[in-house]
Amino acid sequence: MTTLPPSLSPSHSQTTCASLLQELQIIWDEIGESDGERDKMLLELEQECLDIYRRKVEMTRKFKADLHHSLALSQSEIAQLVSALGEHSFSFLREKGTLKQQMSSVRPVLEDLRSKKEQRVKDFTETQSQIARICAEIAGNGQSIMSSDPQVNEHDLTVKKLGELKSHLQELQNEKIIRLQKVNNHINMIHELSVVMSFDFLKTVSGIHSSLIDLANGQSKSISNDTLAKLTGMVHSLQQEKQTRLQKLQCLGSTLIELWDLLDSPADERKRFEHVTSLISSSIDEVSRQGCLGLDIIEQVEVEVERLNVLKASKMKELVFKRQNELEEIYKGVHMDVNSDAARQILISLIESDNVDMSNLLSSMDDQIAKAKQEALSRRDILDKVEKWKHASEEEKWLDDYEKDENRYSAGRGVHKNLKRAEKARILVSKLPCKLIIILISFVE
């Protein structure tokens with residue numbers, strides 16, 4: 001039992017009260033208070049003392065009830081925290097003793113659990129914030145999420161739940177890395193295409209999303225579905241454009257070579273467009289030289305082709321008749337009949353009518369020349385035999401004239417050699433079939 005201090009012990013209180021009453025009596029005597037007044041004052045004094053004690057008792061009783069309530073609340077909070085944190089291995093037994101002793105034992109446990117809860121809520125908030133931020137970046141509304149904090153369910157703060165959230169966060173972070181790699185790859189590809197085709201890289205990429213170029217204010221590159229779709233579409237469109245430009249330049253380059261060959265253009269003139277003709281056999285992946293597919297290059301080649309076409313038109317008549325002369329020389333060389341005047345008149349009519357493609361006409365004449373050369377080659381053996389037959393015939397005629405000459409025996413030296421050669425020619429002619437001789441005679445004619 002607690003010992004009261006000396007000033008509050010009964011004996012001390014009685015002594016104090018008695019001395020105070022004695023002093024009060026003296027004062028009353030000096031004042032001259034009546035006995036009735038004195039009894040009334042003593043009764044009031046006694047009542048006041050009782051009221052003070054009663055209030056003290058009520059306050060102490062209330063304090064006790066508050067301690068019981070606080071203890072109950074603390075124990076309930078401990079149970080809730082243990083459940084929310086998933087501290088299933090945690091056990092707490094309330095100590096026996098006074099209420100204050102019990103509160104003293106509960107308080108540190110409660111503070112420790114509150115501290116754990118605060119840290120756990122912080123971990124949840126940070127993890128959920130990162131999840132929400134990445135989800136917002138993927139969805140394309142990354143700025144709006146910055147103004148709101150995630151709502152943490154404080155009834156489920158278990159390590160298991162936090163682990164699930166962190167696992168989900170890791171998946172999202174990996175997804176973000178993959179998306180960022182795709183974005184960078186697309187940007188690099190667009191840059192490579194911009195170098196080859198000479199278009200404004202910054203304008204093209206910033207038109208998709210400003211963050212892809214402007215990284216100010218700590219803003220990261222957009223990795224949203226919309227941005228990826230636009231980048232993919234842009235790369236596909238630019239690759240198609242690259243293919244189209246390459247095909248156009250390859251066609252123009254081939255046309256250049258045809259025109260050069262047709263017009264016998266000098267080497268220095270051809271060299272100015274080597275960067276174009278070198279693309280004729282290139283695949284789309286092999287074309288990477290800076291500006292080689294620029295619109296200015298295409299325009300330059302188109303102007304050159306147009307210039308050569310004008311030049312070709314002015315020289316085409318000359319080239320056509322040059323081909324005709326060549327064709328006539330081939331026919332003449334193999335004794336083939338050809339109506340040159342009629343052929344030239346037909347060519348003049350075709351040229352002046354403007355209804356014929358001169359390139360096709362020259363190509364057709366080249367085919368005729370090739371065919372004539374092939375036919376002339378096949379007739380060469382017959383021509384050789386004709387020449388031998390003509391020579392043998394001349395030798396035989398000489399022999400006939402010689403035999404008819406009455407003075408042949410008085411001829412000079414060397415005549416016997418001619419005679420021997422003529423006799424051999426007669427033998428050769430006599431061996432030829434009659435039909436062959438007729439064919440040779442008709443061929444010569």
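Predicted model: local features only at pLDDT ≥ 70, side-chain atom pairs only at ≥ 80, totals over all residues.
**Exercise 1.** Describe the secondary structure of the protein and the share of its residues that are buried.

*Solution.* 
Step 1. There are 13 helices and zero strands in the protein.
Step 2. Read from the N terminus on, the order of elements is α-α-α-α-α-α-α-α-α-α-α-α-α.
Step 3. The protein has 445 residues, of which 29% count as buried.
Step 4. Among contacts with a separation of 6 or more, 72% come from residues 24 or more positions apart.

**Exercise 2.** Characterise the packing of helix α4 and helix α6.

*Solution.* 
Step 1. Two packed helices are described by the angle between their axes and the distance between the axes.
Step 2. For α4 (residues 159-197) and α6 (residues 225-263), the angle is about 25° and the axes are 10 Å apart.
Step 3. Angles under 35 degrees count as roughly parallel, so α4 is roughly parallel to α6.
Step 4. The crossing of α4 and α6 is left-handed.
Step 5. On the α4 side the contact includes Arg179, His186, Ile190 and Leu193; on the α6 side it includes Leu231, Met234, Val235 and Leu238.
Step 6. Sorted by class, the contact of α4 with α6 comprises 11 nonpolar, four polar and five charged residues.

**Exercise 3.** Identify the largest nonpolar core, its residues with the most contacts inside it, and the helix that gives the most to it.

*Solution.* 
Step 1. The largest nonpolar core has 67 residues. Ile190, Leu249, Leu293, Val301 and Val320 have the most contacts inside this core.
Step 2. Helices that each supply at least two residues of this core include α2 (35-85), α9 (295-333) and α11 (358-404).
Step 3. α6 gives the most to this core, with 12 residues.
Step 4. Take Ile190 as a case: leaving aside neighbours within four places in sequence, Ile190 is in contact with Phe199, Phe201, Thr204, Val205, Ile208, Leu231, Met234, Val235 and Leu238.
Step 5. A second, separate core has six residues, among them Leu327, Tyr331, Ile369 and Ala372.

Conventions. Residues numbered from 1 in each chain as written. Heavy atoms only, no water. Axes fitted to C-alpha atoms, helices over the stretch in contact; angles between N-to-C directions. Helix = DSSP H or I, 4+ residues; strand = E, 2+ residues; numbered from the N terminus. Parallel < 35°, antiparallel > 145°, perpendicular 65-115°, else oblique. Left-handed = near helix turned anticlockwise from the far one by under 90°. Contact = heavy atoms within 4.5 Å. Nonpolar A, V, L, I, M, F, W, Y, C, P; charged D, E, K, R; others polar. Core = buried A, V, L, I, M, F, W, Y, C linked by side-chain atoms within 4.5 Å. Buried < 20%, exposed > 50% of the residue type's maximum accessible area, 1.4 Å probe, protein only.
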